[in-house]
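Reader: I am new to this structure and would like to go through it slowly, one question at a time. Could you set out the terms as we meet them?

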Amino acid sequence: MKRRFTRPGRPIALKLLVLLSVPLVSLVGLWAFAATLTGGDGLRLLEINNLVSNLADPSEQINIQLQRERLASAEFLTSAKPYRELINQRSRTDTAVSAFRRRASLQENKSPEMTAQLKVLNGELDRIPEVRRGIDARSIDTIQVITTYSDIVDASFRMYDQMILVPDMALYRLARSVTMLGEAKELLSRERAMIVHFLEAREVGPADRALFTEMSATRRLLHAQALTHLDPEVAAAYQQLTGSAGYRDFIAIEDAIRGQATANGLPATAGAWLARGDKLAAAVERNQDEAVQSLVDRVNPTATAILIKIGIAGGVGLIAVVASVVLSLRFRGRLVRELAGLRDAAAHFSEVRLAGVVEHLRKGGAKPEVEPLDTGAQTNEVRDIVHAFNSVQATAVEAAVDQAELRDGVRRVFVSLARRNQSLLHRQLRQLDGMERRAEDPAILADLFKLDHLTTRMRRHAESLIILSDQTPGRGWRNPVAAVDVLRAAVAEVEEYARVEVAQPPALAIAGPVVTDVVHLLAELVENATLFSPPLTRVDVRAHRVAEGLQVDIEDRGLGLPEAELGQLNARLAEPPEFDLAESDRIGLFVVARLAARHGIRARLRPSPYGGITASVTLPAALLSDQPALTGGR
């Protein structure tokens, strides 16, 4: 059975879409990753403005106020400053803390690290009231006050470390330097508070000297490291400050406190230390503000430059991605159309054109001219496939022609051999007929009859070869033959004719030209009935009129056939297939089907009431004759 011809374009389109989507999705993903990675740098730079406004500036104000409160607290403990001034400073500190916490709550997109440092800083700020109570009660000394306030300020610097989100390396070094200068400024403030303590104690103890030495050494180190990474315009102010007389005086004060000059008390010039420190602190604070502002001013241009690069690179990349997608989709559409056309043409050739060529050759037609496929493909690869398929097509046609020629040759050989055998058997039958008329011995006559019957069967087998070769036997009848004689002649060509009982048929005659084929058809069915039924059972042959003509039923008492196999056999009888040498065991059914198709006879197999098979043969009215049958009218 032929397959149903369908258009397979949609599966091809889906498969090509899947194949093309893999590199396209990878390309889009790579572009998105690069754009996101680069865009994140610019967005982080722009986020610095928010961080400065909401966290850095407010926390810097806290540091400034805490530094002043620390100094004021040290002076209060030494009775150098009135309590009223300390209360005012505390009020300014509380205002800075409130402003910081209010602005910090507005900051969005805080990283987990930033959130943790904010929590630590707020915890340190919560310690301020406790320190103040200890100062008011004078239950803690100056060093403890300095250390506690320093811890609070240190927490803010750890928060600054989490705020340095600068992807630009030069800008990162500048931001880190500004933070280090801020820490150096904080250490300067601690030294000033320590100087207040030294002035009150009028001496520098070993522990205080070690603490002060650590502060001054760290301040100088941070100051020197920060200056190496500052921009020239920012570094100029610090270098000017470093070379000033006030800075050199403070360096001298640090050296004096760190050295042995204060081992036996403070020098006479110690009273001016605090004033010199205040003057230097004001200059440092001014430079620090300028450095912070310079950093902020550089962030926006850098962020803008990065975003411009993102726009250019992302835009070009997006154009490339879109172009790749468009070209891929166009290529996919063209390839789908070409492949679908190729597959349709190939399917049409295999299911329609090639089958037509085979049928044409089977009927004896000349070798056809098969046009090559032309799908109009523009893709080189598809054109190569079309060319290769045309070669396959030509080979398939050549193979079909060779096979048809081989079948035709085999058929001619069969016909030649069968006609030779048929001619010899005709001569043998005439010879036997003469011998039977001359024989007088009953035993010899019986043997001659057996030999005549055997020769008749051999003639039928020879004629079967002629029929399977789409030829007609040479013998025939000119005049109609009675139906009863036709049935008896068919039974006479069967080996076990003695088991067959023929009921009296209607008084009808069968047209002479078809008598030979009808006898042959019925003989094949009768022989099948005797072969596939037990040897002791009989086979009944009955004939009766029907609306279409004359129906002959041949009924056996065998084992029957399964319904599926019965349906297959009836399909072959209705539409004779090409003779298959592999099924030579049912050659009789092939002969019956050919003869039935030749004369419009309907042959059908059905289950018998006795368990076997009933073969029904319906002879159309066109093959019957009401003229009186002539005996021997050959």
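Author: Two strands are said to pair if DSSP finds at least two bridges between them, and helices (H or I, at least four residues) and strands (E, at least two) are DSSP runs, numbered from the N terminus. This is a predicted model, in which local features need pLDDT of at least 70 and side-chain atom pairs count only at pLDDT 80 or more, while totals for chains, interfaces and linings use all residues. Residues are numbered from 1 along each chain as its sequence is written, and side-chain values use heavy atoms, with hydrogens and water left out.

Reader: Which residue is the bridge partner of Gln551 in strand 7?

Author: Strand 5 (residues 549-555) and strand 7 (residues 613-620) pair in the antiparallel sense over 7 bridges. Within this pairing, Leu550 has Leu619 as its bridge partner in strand 7. For Gln551, the bridge partner in strand 7 is Thr618.

Reader: Which residue in the turn between strand 6 and strand 7 has a positive phi?

Author: Strand 6 and strand 7 pair in the antiparallel sense over 6 bridges, with Arg606 bridged to Thr614 of strand 7 and Ala603 standing opposite Val617. The two strands form a hairpin with 5 residues between them, and the turn residue with a positive phi, of about 100°, is Gly611.

Reader: How many of the residues of strand 7 are buried?

Author: A residue is called buried under 20% relative accessible area, exposed over 50%, and partly exposed in between (1.4 Å probe, protein chains only). By that rule strand 7 is mostly covered, the number of its buried residues being 7 of 8.

Reader: What is the order of the open sheet of 3 strands?

Author: Strand 1 (481-482) and strand 8 (624-625) stand at its edges, and because each has a single partner strand, one side of each is left without a neighbour in the sheet. Strand 3 (residues 509-510) pairs with strand 8 in the antiparallel sense over 2 bridges, and Ile510 has Leu624 of strand 8 as its bridge partner. The pairing of this sheet is antiparallel, and the order is 1-3-8.

Reader: How many residues of helix 16 are buried?

Author: Helix 16 (residues 587-599) has 13 residues, which at 1.5 Å a residue should span 18 Å, and its end C-alpha atoms are 19 Å apart, which agrees; the expected span is 1.5 Å times one less than the number of residues. Its buried residues include Phe590, Arg594 and His599, and just after the helix Gly600 takes a positive phi of about 75°. Helix 16 is largely enclosed by the rest of the structure, because the number of its residues that are buried is 10 of the 13.

Reader: How many residues apart in sequence are the parts that Arg70 and Glu186 tie together?

Author: A salt bridge is a side-chain nitrogen of Lys or Arg within 4 Å of a carboxyl oxygen of Asp or Glu, and the side chains of Arg70 and Glu186 meet in one at 2.7 Å, N to O. Arg70 lies in helix 1 (residues 9-77) and Glu186 in helix 6 (residues 169-201), so the separation in sequence of the parts they tie together is 116 residues. Both Arg70 and Glu186 are buried, and the separation asked for is 116 residues.

Reader: Is Glu254 buried or exposed?

Author: Glu254 forms a salt bridge with Arg220, the closest N and O atoms being 3.0 Å apart. Glu254 lies in helix 9 (residues 245-258) and Arg220 in helix 7 (residues 206-228), so the pair ties together parts 34 residues apart in sequence. Arg220, at 25% relative accessibility, counts as partly exposed, whereas Glu254, with a relative accessible area of 0%, is buried.
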